[in-house]
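Me: I'd like to learn how to read a protein model. Can we go through one together?

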Amino acid sequence: DPQQIELATTSKRKLRRFIVIDEVVDKLYGSKVRQYFKENNVQYKILALPTTEETKSMDLVLNILHEVQNFSLDRRTEPIIAIGGGVCLDIVGLAASLYRRRTPYIRVPTTLLSYVDASVGAKNGVNFLQCKNKLGGYTPPVASFLDRSFIQSIPRRHISNGLGEILKMALMKHKGLFDLLKNHGKHLLDTKFQSCNGFADHRDAALQTTRIAIETMLEELAPNLWEDDLDRLVDFGHLISPELEMRVLPSLMHGEAVNIDMAFMTYVAHARGLLDAQEKEQILQCMRGLELPVWHSGCSWALIQRALQERLKHSGGQPRMPLPTGLGVADIFNDTSEETLERAYKLWVKD
């Protein structure tokens, strides 16, 4: 809003900002964040919190809101800034949406998963009654600031975790992205998604991979921001994984659970004749190359049945099952039989 920009740049009132930062990120970058605000003469309050799936609750949202109220935040001109991974961005988004009905907020993702996934779209939420994101809403941020240099400080497993969500978009929408992951996956893990001089054969795979992943995600989300249409390709990998992830916390990270779901659905697609044996193996080899799990003992047949029943409750009585129909192409199916699912599961277990 040009008027707001003019007000912010010409006002004699001191700029004020309320920042919520993940406590691990605060240890790594907190001093730089504080230095930035001091040098720009901004009055600030930094709230460092443990933002994990186990703490992702309304209690943490209320904790943030108490501090926001004490800060006397002006919701028109003082956006809340969230710096952290996807859980942090989700929690702060929900808190901002509740404070005075809607307070603007800014997302600053610091993990690969949040960079390509949580930074995009309108959703926010918290876990409730051991169900993932059971409480939440649709409030997009006023901005997302993307900086890949954050990714260099996260562990290799966390980078692999983010690659799960990138692979989701590749399998659903973009053969070129799949080829990038297949050919450059190890390089991306080794270099932690930093753009490196002297790697001409990789032609800045990190920039290409993240850009395509975000662009394809936006293509899917932007026309359906409020999820009025329940047929969503971005739900690939999210039919079984919410149940699995919450059941085995904290042993699986989100992207890992998503990948296990995608691995099973790859077998379902093969059992339906949508993928040939070579395409199925290419997908599984790519997953292994990205150091992602393709199986978990907690993913029992009973859990799959339970998860799919839960899916029916929240998707208008239809499974709306996204499945790959090739490499980088997909469709949504409502007619996968129980017999096909069980046959796919038995083959998955056997392999």
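Me: Which residues form one aromatic cluster?

Reply: Phe 264, Trp 295, Trp 301, Tyr 345 and Trp 348 do. A quick note on the source: this is a predicted model, where local features need pLDDT of at least 70, side-chain atom pairs count only at pLDDT 80 or more, and totals for chains, interfaces and linings use all residues. Residues are numbered from 1 along each chain as its sequence is written, and side-chain values use heavy atoms, with hydrogens and water left out.

Me: How many aromatic pairs does the structure hold?

Reply: There are 10. Rings of Phe, Tyr and Trp (its six-membered ring) pair if their centres lie within 6.5 Å; planes under 30 degrees apart are stacked, over 60 edge-to-face, and the rest tilted. Take Phe 264 and Trp 348: the ring centres are 5.2 Å apart and the planes sit at 40°, so this pair is tilted.

Me: Which helices do Phe 264 and Trp 348 lie in?

Reply: Helices are DSSP runs of H or I, at least four residues, and strands are runs of E, at least two, numbered from the N terminus. Phe 264 belongs to helix H10 (residues 254-271) and Trp 348 to helix H13 (residues 338-350), so the pair ties together parts 84 residues apart in sequence.

Me: Are Phe 264 and Trp 348 buried or exposed?

Reply: Buried means under 20% relative accessible area, exposed over 50%, and partly exposed in between (1.4 Å probe, protein chains only). Both Phe 264 and Trp 348 are buried.

Me: Why does Asp 74 count as buried?

Reply: Because its relative accessibility is 14%. Asp 74 sits in the loop between helix H3 (58-71) and strand S3 (80-84).
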